[in-house]
Amino acid sequence: MVTTTDTTGARTTASSPSDNSAPEQANRPPLKRTLLRGSPLAPAVILLLAFMAGPIIYSVYLAFTNRALRGEGSSSTALVGFDNFVAAFAAPEFWNSVVLTLVFTVVSAIIGQNILGMILALLMRRASKVVNAITGAIVIGAWILPEVVAGYLWYTFLGEGGSMNGILGFFGLPPQDLLFSLPIIAVSFANIWRGTAFTMLIYTAAMSQIPPEVEESAEMDGAGRLRRFFSITVPLIRRSIMTNLMLITLQTLSVFGLIYVMTAGGPGTASQTLPLYMYEQAFSYGQLGYGTAVALLLLLIGAIASLAYLRMLPKEDKS
């Protein structure tokens, strides 16, 4: 406590910083009370550690071992350091899968789903309620289909004896077998068809937040549709655009069932993306350690893509 004298000669007292901290410490809940309040969360925390953190830690451990389902490494597991990662970087099949994964992600997600979802969201803003309802039902219906069912539908459509060749034959055109001649493009079409609804919903929600008077003012000033889109719509929904790109990129990197049902990664390795390569190495060849190392490299690619999207955001959107 500090004692001072004012201009009238009166003596006044003021509390020192140590005196202010005393009530704060007195009001602070004791550790026992805090633990009691947090005890209902203990089962959830234990389950999260057991079923989420546990498998992740075990996967990282497996990636540095020679663990296998058969042969050497099946009877006894030993640490091999970075050998699995070195083997992956030296394998041409691994790099073929990396290139196909990037092609599949860029064509079907970044270009296909993103642009088609944006176009549908723009068209639905000016369409009638009936058209919106029908379009939304069709697009969202494709989205809610299980991956395996969507893959089978596209297999029956694009296959040698499928519906597409029936349509081409009706118009006198030669039959096509895209699953054999252009398999990575065929599976990209299927992924666009299935995933566009997600992008459309995100952009529709983002555009609904744009005040109508902003666009009306720009239209009165003579701005055309393209000018309003690039100067008003895109800047106002840029955060939603980056969020959507990040989500569909991560989702597409891990697509497995759709490609496996349509082509099984073939013919040969022409459509073998990283998830299929990892599955083949881990379960067909029994190399669990090597397959887990490939899965961690796929996780690293997703992390790099996420950081790239975050860096593209303006500083004011990162706060």
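Me: What makes up the secondary structure of the protein?
Reply: In this predicted model, the secondary structure comes to 17 helices and two strands.

Me: Where does UniProt place the feature "transmembrane region"?
Reply: The unreviewed UniProt entry places this feature at residues 41-64, 101-123, 130-155, 178-203, 245-268 and 288-310.

Me: What is the helix content of residues 41-64, and what is it over residues 101-123?
Reply: Residues 41-64 are 92% helix and 0% strand, with end C-alpha atoms 34 Å apart. Residues 101-123 are 100% helix and 0% strand, and their end C-alpha atoms are separated by 31 Å.

Me: What share of the contacts with a separation of 6 or more comes from residues 24 or more positions apart?
Reply: Such residues account for 65% of those contacts.

Me: Why is Thr-233 called buried?
Reply: The relative accessible area of Thr-233 is 3%. Buried means under 20%, so Thr-233 is buried. Thr-233 belongs to helix α12, residues 225-236. Beyond residues up to four places away in sequence, Thr-233 touches Met-207, Ile-210, Glu-215 and Arg-228.

Me: Why is Phe-283 called partly exposed?
Reply: The value for Phe-283 is 48% relative accessibility. Exposed means over 50% and buried means under 20%; Phe-283 therefore counts as partly exposed. This residue lies in helix α15, residues 274-284.

Me: Which residues are in contact with Phe-283, leaving aside its neighbours within four places in sequence?
Reply: They are Leu-69, Arg-70 and Leu-288. Leu-69 is 214 residues from Phe-283 in sequence, and the C-alpha atoms of the two are 7.9 Å apart in space.

Me: Which residues have the most contacts inside the largest nonpolar core?
Reply: That core has 18 residues, and those with the most contacts inside it are Phe-104, Leu-158, Val-187, Leu-258, Ile-259 and Met-262. At least two residues of this core come from each of α5 (92-126), α7 (147-158), α8 (163-170), α9 (178-181), α10 (183-207) and α14 (257-262). The most is given by α10, with four residues. Apart from this core lies another, of 16 residues, among them Ala-109, Tyr-203, Met-242 and Met-246.

Me: Which residues are in contact with Leu-158, its neighbours within four places in sequence left aside?
Reply: Leu-158 is in contact with Met-164, Gln-176, Asp-177, Leu-178, Leu-179, Ala-186 and Met-262.

Me: At what angle do helix α6 and α10 pack, and what is the hand of the crossing?
Reply: Helix α6, residues 129-144, packs with α10 at an angle of about 120 degrees, the axes being 7 Å apart. The crossing is left-handed. On α6 the contact is made by Val-139, Ile-140, Ala-142 and Trp-143; on α10 it is made by residues including Trp-193, Arg-194, Phe-198 and Leu-201.

Me: How do helix α3 and helix α16 cross?
Reply: The axes of α3 (residues 42-63) and α16 (residues 288-312) come within 7 Å and cross at roughly 115 degrees. α3 passes α16 in a left-handed crossing. Ser-59, Val-60, Leu-62 and Ala-63 of α3 make the contact with Gly-289, Thr-292, Ala-293 and Leu-296 of α16.

Me: What kind of peptide bond joins Gly-266 and Pro-267?
Reply: The bond is cis, with omega about 0 degrees. Pro-267 is placed in the loop between α14 and α15.

Me: What is the phi of Ala-264, and why does this residue count as partly exposed?
Reply: Ala-264 has a positive phi of about 55 degrees although it is not a glycine. Ala-264 lies in the loop between α14 and α15. Its relative accessibility is 47%; with buried under 20% and exposed over 50%, Ala-264 therefore counts as partly exposed.

Terms used: Residues are numbered from 1 along each chain as its sequence is written. This is a predicted model: local features need pLDDT of at least 70, side-chain atom pairs count only at pLDDT 80 or more; totals for chains, interfaces and linings use all residues. Side-chain values use heavy atoms; hydrogens and water are left out. UniProt positions are given in the numbering used here, feature names are shortened, and annotations may be inferred rather than shown by experiment. Contact means heavy atoms within 4.5 Å. Buried means under 20% relative accessible area, exposed over 50%, partly exposed in between (1.4 Å probe, protein chains only). A nonpolar core is a set of buried Ala, Val, Leu, Ile, Met, Phe, Trp, Tyr and Cys residues joined through side-chain atoms within 4.5 Å. Axes are lines fitted to C-alpha atoms, for helices over the stretch in contact, and angles run from 0 to 180 degrees between N-to-C directions. A crossing is left-handed if the near helix is turned anticlockwise from the far one by less than a right angle, and right-handed if clockwise.
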